[in-house]
Amino acid sequence: MPKPLSPETITLVKATVPLLAEHGPAITKAMYRRLFQDDHIRALFNHANQGEDGAQVHALAGAILAYARNIENLGALTPVVERIAHKHVGYHILPEHYPYVATALLAAIKEVLGDAASDAVLNAWGEAYWFLAEVLKARESVLRDGIESQQGGWTGWRKFTVADKVRESGVITSFILRPADGGVVPRHKPGQYLTFRFPLADGTEVKRNYSISCAPQDGQYRISVKREANGNGGSRHLHDHVQVGDIIEATPPAGDFYLDEAPTRPVILLSGGVGLTPMVSMVEEIAARHPGLETHYIHGALNGTTHAMDAHVRALATRHPTIKVATFYSDPHPQDRLGVTHDGEGFISIDWLRENTPLHQADIYLCGPKPFLRTYLSGLALAGVAADRVHYEFFGPADDLIAA
């Protein structure tokens, strides 16, 4: 652990909380502007999260504010630190990148706060930044060492061959990836993701995270990707340009959202849209290694044209009666038939979960877009489900102090 923060630093950082609450997004916007002046650092970021809605700017502002508010109780930030450390492993953030962020952050604080950012305040925030940076670097080192120690483990970017491309629905396609060097891959934890970088036709490069959608195995990974309608990002590049035999690059599996290695309680896998991808990995793992585990796979989709991998999941449930599957369509097509293609219409309700699953005895895994998560995280909390049994992943920027 790094040297503890001095009492003077703690006092000064806490004193900036009102200013951060008011000016946080302006500070983080200025920080990113400074960082992106360096092409080397700019290339580390997922610029899909730097869009017009300012999602990453606000996420980072919130993270900095939370750090200031919890400066005397840093244990409260442990889950956030873990999530960031995994993101940094995925984006291949290295110790030598941290000074760039320190310089940009402190300059942005001075730029936005002006005279309120005295030398004493800047020194305090410098100490606070480097304290957290050392915590993150230590955790990232442990994660990287753990990956590299596994058979087939690696660090940085590795080439994969697209061995197959399978259309799963009208919007989702799976890609089977095998190491181009002919080697093996480390066995991921079901729920984790791979981070990819893609060169686009205009000469730019994009980075994207995609959940691994198969159970752990030695020879390959599978990702199942929704083709997004807007933009020219990773999903459209994969769907429209990447073909069988092509080479793509990825960093090792990462992510703090994954199935417990030795589950002792029933499991509820609750997903919306393409959020099913880590759930398929989990349910495959349960079928292979925990066949007697009571499992409820519950998925919400628009309709049958967008619903992916249903036949595959139901085949697992047929072979393993302790796995129960239920699907809800919010906007079924005329050809969709209630009781045949899907089990319910509209959205999955907390009342339905209470009546049809062991809601208060299970570990609950959630994955989907932000509106989906907001609905079910708040609903489960109001239903009295213990917070330590609710695990979730969302698609969007992390509360990250370095890159996302």
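Predicted model: local features only at pLDDT ≥ 70, side-chain atom pairs only at ≥ 80, totals over all residues.
Reader: How many aromatic pairs does the structure hold?

Author: The structure holds 10 aromatic pairs. One of them joins Tyr129 and Trp130.

Reader: Why is the pair of Tyr129 and Trp130 called edge-to-face?

Author: The ring centres are 5.2 Å apart, within the 6.5 Å that makes a pair. The planes stand at 85 degrees. The cut-off for edge-to-face is over 60, so Tyr129 and Trp130 are edge-to-face.

Reader: What makes Phe196 and Phe198 a stacked pair?

Author: The planes of Phe196 and Phe198 are 5 degrees apart. Stacked requires under 30 degrees. The centres lie 5.9 Å from each other, within the limit of 6.5 Å. The pair is therefore stacked. Both Phe196 and Phe198 are buried.

Reader: Is Tyr129 buried or exposed, and how do you know?

Author: Tyr129 has a relative accessible area of 7%. Buried means under 20%, so Tyr129 is buried.

Reader: Why is Trp130 called partly exposed?

Author: Its relative accessible area is 31%. That class runs between the 20% limit for buried and the 50% limit for exposed. Trp130 is therefore partly exposed.

Reader: Which residues do ring pairs link into a cluster?

Author: Trp154, Phe160 and Tyr221.

Reader: Where does Lys87 lie?

Author: Lys87 lies over the face of Tyr193, at 5.1 Å from the ring centre. The distance limit is 6 Å. Arg42 lies over the face of Phe36, at 5.3 Å from the ring centre.

Reader: What makes α6 and α7 roughly antiparallel?

Author: Helix α6 spans residues 98–113 and helix α7 residues 119–148. Their axes cross at roughly 150 degrees. Angles over 145 count as roughly antiparallel, so α6 and α7 are roughly antiparallel to each other. The axes come within 10 Å. The crossing is right-handed.

Reader: Which residues make the contact between α6 and α7?

Author: On α6 they include Tyr98, Val101, Leu105 and Ile109. On α7 they include Leu122, Trp125, Tyr129 and Trp130. Tyr129 and Trp130 also form the edge-to-face pair.

Reader: Why does Ala287 count as buried?

Author: Ala287 is at 8% relative accessibility. The limit for buried is under 20%, so Ala287 counts as buried. Ala287 is found in helix α9, residues 276–289.

Reader: Which residues is Ala287 in contact with, leaving aside its neighbours within four places in sequence?

Author: Leu316, His320 and Ile323.

Notes:
Residues numbered from 1 in each chain as written. Heavy atoms only, no water. Phe/Tyr/Trp six-rings, centres within 6.5 Å; stacked < 30°, edge-to-face > 60°. Buried < 20%, exposed > 50% of the residue type's maximum accessible area, 1.4 Å probe, protein only. Lys NZ or Arg CZ within 6 Å of the ring centre and 35° of its normal. Axes fitted to C-alpha atoms, helices over the stretch in contact; angles between N-to-C directions. Helix = DSSP H or I, 4+ residues; strand = E, 2+ residues; numbered from the N terminus. Parallel < 35°, antiparallel > 145°, perpendicular 65-115°, else oblique. Left-handed = near helix turned anticlockwise from the far one by under 90°. Contact = heavy atoms within 4.5 Å.
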